[in-house]
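The following note reviews a single-chain model point by point. Please read it alongside the sequence and the coordinates.

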Amino acid sequence: QGNGAGDDEDSGGLPEDQMFEMLTRVSLDDLSACRQVSAQWRRLTYEPAFSPLHCRRRADAVVSGYFVQGMARNRYSATFVSMHPSQADADPSVSLDFLPSAHVRVEAVSAHRGLACCVDADADAAARMGGKASSARCYYACKPATRQWRALPNPRLRFPTAVTAMVARPAGAGAAADFKILRLSVPTLRDHLRCEIFDSRRRAWRRSADVMVWPESLVAAGPAVRAHGAMHWLRWPDRVSAAEDIFAFDMKSEAWRLIVLPPEVEDRTDRWAGKKKLVTVEGKLCLVVIVDEEAEVWVITDYGRQQERWEKKMAVNLKNLGMQEGRALILRDLCSSEVAF
């Protein structure tokens, strides 16, 4: 029996090292439940040493890392970067070369299940231009670690994509992957966002309610950040209010809202210079702000309640990294409260 996630006392009277050892052997599905048992169990599962040990001890194939996507000569490429060097040495084959298309673009990932939503970039471009490939399937759901993939029906490709998000749901042993994909696109009138959702259970896209925000505020907003059951993007300044905020879309209720940024940071940084970044730390939505070679991490408390507020979690001096003259540091993610990518 658990003491509740807010209780700092240990559970069951076990020594902490034994609890850590036990938690490294549970499945990914059970790990989410274990984090709700007590604050101590939650803290142990977010220790920097936990993830690599948990991956090594899983009977099935578990890898942990990032796909870094770039473009050269009008062609996309994605390279897998492992968080654990031993994984890269043991299995260097995590890639997208098993997909039927030779030119794919990663649209979204579901980190918990290791799933990715990819698009045939050439077919997608031809479809939006009304070319011959407009009827060809160009969306894929895949699991790079096991090299499994499935072709998906196309959404309304004639509307350009603003943002895409993917979330996986627990599935039984041997069952097919269970997931949802959110696609927000820019319609002809360009005064709102068109919302489509793919559900693997129905194997079809369906239209959801339009999102009444300025479309250009989310175009090229970067990968979605999942926290508290919702997907989040940092919006570009709105042309009406000229204010920055966070767009949040709940994948279960399909409701959306805007979250204001901490007033302490709004006037101190320039989003256009890439000085703000949304991340998750220990399952909570956080904002990283880089000011004068110092990284501040702000966490939102009481998420979803009427009195949401931001608190500064930490500040880290970046000068100690010893970057060479002329080299720029770009923070992409926080793997934990102590490790940055």
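**Notes on the model**

1. The place of I330 is in the segment after β18 (309-317); helices (H or I, at least four residues) and strands (E, at least two) are DSSP runs, numbered from the N terminus. At 52% relative accessibility, I330 counts as exposed, where exposed means over 50% relative accessible area, buried under 20% and partly exposed in between (1.4 Å probe, protein chains only). Between the C-alpha atoms of I330 and K275 the distance is 8.7 Å, with 55 residues separating the two in sequence.

2. On provenance, this is a predicted model, in which local features need pLDDT of at least 70 and side-chain atom pairs count only at pLDDT 80 or more, whereas totals for chains, interfaces and linings use all residues. Residues are numbered from 1 along each chain as its sequence is written, and side-chain values use heavy atoms, with hydrogens and water left out.

3. The secondary structure of the chain comes to seven helices and 18 strands. Of its 341 residues, 43% count as buried. Among contacts (heavy atoms within 4.5 Å) with a separation of 6 or more, 46% are between residues 24 or more positions apart.

4. The largest nonpolar core has 19 residues, of which L182, L184, L193, L218, W233, F247 and F249 touch the most other members. Such a core is a set of buried Ala, Val, Leu, Ile, Met, Phe, Trp, Tyr and Cys residues joined through side-chain atoms within 4.5 Å. Two or more residues each come from β7 (161-169), β8 (178-185), β9 (193-199), β12 (230-234) and β13 (245-250). The most come from β7, which gives four. A second, separate core comprises 18 residues, including V225, A230, A248 and I300.

5. H192 lies in the loop between β8 and β9 and, at 11% relative accessibility, counts as buried.

6. Which side chains make polar contacts with that of H192? One is D191, at 2.6 Å, and another is D210, at 3.4 Å. A polar contact is a pair of N or O atoms within 3.5 Å; within protein, one must be able to donate a hydrogen and the other to accept it, and residues adjacent in sequence count only if both atoms are side-chain atoms. H192 and D210 are 18 residues apart in sequence, and their C-alpha atoms are 6.9 Å apart.

7. R235, in the loop between β12 and β13, is buried, with a relative accessible area of 2%. Its side chain makes a polar contact of 3.0 Å with the side chain of S217.

8. Helix α6 (residues 121-128) has A121, A123, D124 and A127 as its buried residues. Seen down the axis of α6, these fall within an arc of 165°, so they line one face of the helix; the arc is that of the directions from the helix axis to the C-beta atoms. They pack against β2 (75-82), β3 (104-110) and β4 (115-120). The N-terminal end of α6 is capped by D120, a side-chain oxygen of which lies 3.1 Å from the backbone nitrogen of D122.

9. A search of the whole structure finds nine aromatic pairs. Rings of Phe, Tyr and Trp (its six-membered ring) pair if their centres lie within 6.5 Å; planes under 30 degrees apart count as stacked, over 60 as edge-to-face and the rest as tilted. Y139 and W205 form an edge-to-face pair, 5.9 Å centre to centre with 85° between the planes. This pair links distant parts of the chain, with Y139 in strand β5 (residues 139-143) and W205 in strand β10 (residues 204-211), 66 residues apart. Both Y139 and W205 are buried. Ring pairs join Y139, F179, F198 and W205 into a cluster.

10. Two backbone values may be checked. R73, in the loop between β1 (65-72) and β2, has a positive phi near 55° and is not a glycine; R73 is exposed, with a relative accessible area of 83%. E282, in the loop between β15 (276-281) and β16 (284-291), also has a positive phi of about 55° although it is not a glycine, and is partly exposed at 26%.
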